[in-house]
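Q: I would like to learn how to read a few local features of a protein model. Could we take them one at a time, with the general idea before the case?

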Amino acid sequence: MDKKFIYGIATVKFESLTIGYIEKGSWDWGGTKPESIDVDAEQVPDASVLTLVTKNSQISPTFNLIQLDYENIHAVLGGTLVESNGSATGWEAPSALVQLSGKWTIDFVSGQTMTIPNATILANLGGKLTLTEVSKLECQLKVNKPEDGTTPYKINDTVSTSSSTTASES
């Protein structure tokens, strides 16, 4: 793969749970541009003499989760899983305020992985209930500074966990 480009969602994980299908075309990085203050001088009328960066750019991805099995709903909305014989048979909405935060990992088709050590998921049931489209969870990740003070997110080459065979082994 050519690592000069980042494209395509392969998998999205919240902690150790692989979140289901993301609606095609719904992933948007969102976020904000860096913020700065220009310092002007009376003696220099045509341009600022200094720019002070006051805040780095931030990402705040939004996406629509369309694979609404009960485990996925529970992962992004909280609440309670209803279980019978060891498998989920339903979901109940939370009865109190819920804040779900943790590690998010996004594997790209292009061969890189983004790791967000600490993000809060905000989600709501959305879309339309028709025979021509599916309901969805409209999600937004609010990227927070990790408690240990490290970087809020990073992108690295994806580390493959599967073993591959070479032509000489077959």
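A: Let us begin with accessibility: a residue is buried under 20% relative accessible area, exposed over 50% and partly exposed in between, using a 1.4 Å probe and protein chains only. This is a predicted model, in which local features need pLDDT of at least 70 and side-chain atom pairs count only at pLDDT 80 or more, whereas totals for chains, interfaces and linings use all residues. Residues are numbered from 1 along each chain as its sequence is written, and side-chain values use heavy atoms, with hydrogens and water left out.

Q: Which class does Glu15 fall into?

A: Glu15 counts as partly exposed, because its relative accessibility is 46%. Strands are DSSP runs of E with at least two residues, numbered from the N terminus, and Glu15 sits in the loop between strand 1 (9-14) and strand 2 (17-19). Although Glu15 is not a glycine, it has a positive phi of about 55°.

Q: What is the phi of Asn85, and where is Asn85 placed?

A: Asn85, which is not a glycine, has a positive phi of about 55°, and it belongs to the loop between strand 6 (80-84) and strand 7 (87-92). With a relative accessible area of 82%, Asn85 is exposed.

Q: Is Ser60 buried or exposed, and which side chain does its own side chain join in a polar contact?

A: A polar contact is a pair of N or O atoms within 3.5 Å; within protein, one must be able to donate a hydrogen and the other to accept it, and residues adjacent in sequence count only if both atoms are side-chain atoms. Ser60, in the loop between strand 4 (50-55) and strand 5 (62-65), is buried at 11% relative accessible area, and its side chain makes a polar contact of 2.9 Å with that of Gln140.

Conventions
Helix = DSSP H or I, 4+ residues; strand = E, 2+ residues; numbered from the N terminus.
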